[in-house]
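Try each task yourself, then read the solution step by step.

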Amino acid sequence: MPNVVVVGAQWGDEAKGKLVDVLASHVDVVVRYQGGNNAGHTVIVGREKFVFQSLPSGILRPDCRCVIGCGVVVDPASMIEEMEALVQRGVSLDGNLYISKNAHLIMPYHPALDRATESKAGKRRIGTTGKGVGPAYADKAGRIGIRMADLLDQRLFREKLEYNVIQKNRILREIYDAETFSVESILGPYLRFAGWLAPYITDTALLLSQWMNAGRSVLFEGAQGTMLDIDHGTYPFITSSSTTAGGACTGSGIPPTKIDGCLGISKAYCRRVGEGPFPTELHGETADLLRSRGNEYGAVTGRPRRTGWADAVALRYAVRINGMDTLAITKLDVLDACETVKICTGYRYQGDVLTEFPEEERIWHEAEPVYEEHSGWQTSTQGLREYAELPTKAREYLERLSELIGVGFGVVSTGPERDETILMPDSPLTQWYPSLRGSIPPR
Ligand code: IMP
């Protein structure tokens with residue numbers, strides 16, 4: 001059974017949640033392997049809308065086991081709130097949620113440090129979600145982080161907490177003039193969280209290995225996107241985890257030899273939230289049109305997202321870094337109203353046209369996008385389920401984009417519902433999951 005990594009090809013919010021939810025009924029296990037409650041994966045089922053921050057999107061499928069891998073940072077209060085809300089909506093979590101003992105905790109001082117750092121960063125502000133994700137990963141790399149396994153060992157937890165509170169309070173007070181924390185104010189709630197989460201905390205790397213050896217199929221659900229990766233993204237305007245396909249191995253304890261493929265997800269246009277370079281960013285009427293048609297407001301923060309044309313240079317880079325075998329293109333219908341649509345094919349910088357994604361911050365900020373212009377189709381593609389039903393110009397746009405980035409599209413998503421999906425018959429996706437073919441009924 002195939003083990004596939006699903007990653008965002010852009011700056012996050014590519015509508016991965018919908019795709020993972022569609023695929024979850026064809027796999028046995030879904031793993032989140034990085035990020036924290038900074039993510040916002042939206043899944044629409046009938047009239048119900050679910051937004052997942054920490055939990056894997058597969059949690060809505062009763063037969064699907066969901067794992068929070070060691071690469072994730074967990075804010076226990078936020079996770080418990082999410083779990084309780086799901087239980088109230090009739091979703092069972094017993095026996096299908098497993099949290100790694102090695103996953104690190106987001107502690108109350110992490111969001112405080114996140115906000116304090118941002119407030120003093122001036123024009124180097126990242127525009128973080130303020131959830132404490134960066135500071136939690138900084139503690140992990142600095143070897144002073146606190147793991148899920150530590151939470152279950154009361155004495156060790158207190159010892160690590162005391163050390164951290166002294167250190168964090170000094171930073172908060174002396175550098176940022178911000179509010180400080182007492183050990184007792186954290187200890188009580190966190191020990192309650194420990195009691196709540198204990199049944200779910202386990203050696204998930206071992207479990208995954210045993211399940212894979214028994215022939216179960218695992219899907220690795222990436223959060224955020226390639227361009228926010230700590231190593232490969234637009235540093236420092238990134239998140240603090242390995243969002244790319246390599247992160248699936250380190251963030252879950254699964255060797256690269258067990259991964260069979262990579263599915264990338266990209267919108268038909270481009271968007272980003274927060275600060276940082278965005279070469280194809282638009283301003284004015286077209287930007288507003290994409291924002292309102294695409295409902296481009298952050299799933300977690302509600303912030304308006306920045307919008308722009310599809311960037312084939314950045315997408316080709318994402319295909320290369322992740323080894324994407326195929327791509328799912330989402331929100332094609334957002335472009336339905338455009339008279340013309342553009343694709344960025346290069347960046348003009350100091351007289352040269354760059355066709356490979358550069359690594360210099362200055363170039364990201366100063367390069368001018370070189371566009372190819374296509375006439376729009378100006379007819380609704382919303383809800384279409386067959387490729388042949390798409391207007392010719394929409395197909396031409398997709399085929400040109402696919403040619404430029406060097407990988408075919410396995411799925412074209414035409415709306416938020418599970419069945420508003422066009423499945424391409426001969427893509428790697430249908431080879432990995434043959435049962436997908438019959439699962440999306442024709443209109
Ligand atoms: P952090 O992950 O909260 O530290 O934020 C760092 C950067 O990543 C900011 O630009 C955020 O807007 C961005 N970011 C974090 N999570 C997401 C996400 O799920 N979707 C899109 N952008 C995100």
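Predicted model: local features only at pLDDT ≥ 70, side-chain atom pairs only at ≥ 80, totals over all residues.

**Exercise 1.** Work out how far an oxygen atom of the ligand is from an N or O atom in the side chain of T129.

*Solution.* Step one: look at the pair, and you'll find 2.6 Å between the ligand oxygen and the side-chain N or O atom of T129. Step two: compare that with the cut-off for a polar contact, which is a pair of N or O atoms within 3.5 Å (within protein, one must be able to donate a hydrogen and the other to accept it, and residues adjacent in sequence count only if both atoms are side-chain atoms).

Residues are numbered from 1 along each chain as its sequence is written, and side-chain values use heavy atoms, with hydrogens and water left out.

**Exercise 2.** Find polar side-chain atoms of N38 and D13 by the ligand, and give their distances.

*Solution.* Start with N38: one of its polar side-chain atoms sits 2.8 Å from a ligand oxygen. Next, D13 has a polar side-chain atom 3.1 Å from a ligand nitrogen.

**Exercise 3.** Is D21 buried or exposed?

*Solution.* First place it: D21 belongs to helix α1, residues 16-24 (helices are DSSP runs of H or I, at least four residues, numbered from the N terminus). Now the accessibility: D21 has a relative value of 1%, so it counts as buried (buried is under 20% relative accessible area, exposed over 50%, partly exposed in between; 1.4 Å probe, protein chains only). Finally, leave aside neighbours within four places in sequence, and the contacts of D21 (heavy atoms within 4.5 Å) include R61 and R418.

**Exercise 4.** Why is the pair F357 and W364 called stacked?

*Solution.* The whole structure has ten aromatic pairs. In this one the ring centres are 6.1 Å apart and the planes meet at 25°, so it is stacked (rings of Phe, Tyr and Trp, its six-membered ring, pair with centres within 6.5 Å; planes under 30 degrees apart are stacked, over 60 edge-to-face, the rest tilted). For contrast, W432 and Y433 are edge-to-face, with 6.5 Å between centres and 70° between planes.

Notes:
Helix = DSSP H or I, 4+ residues; strand = E, 2+ residues; numbered from the N terminus.
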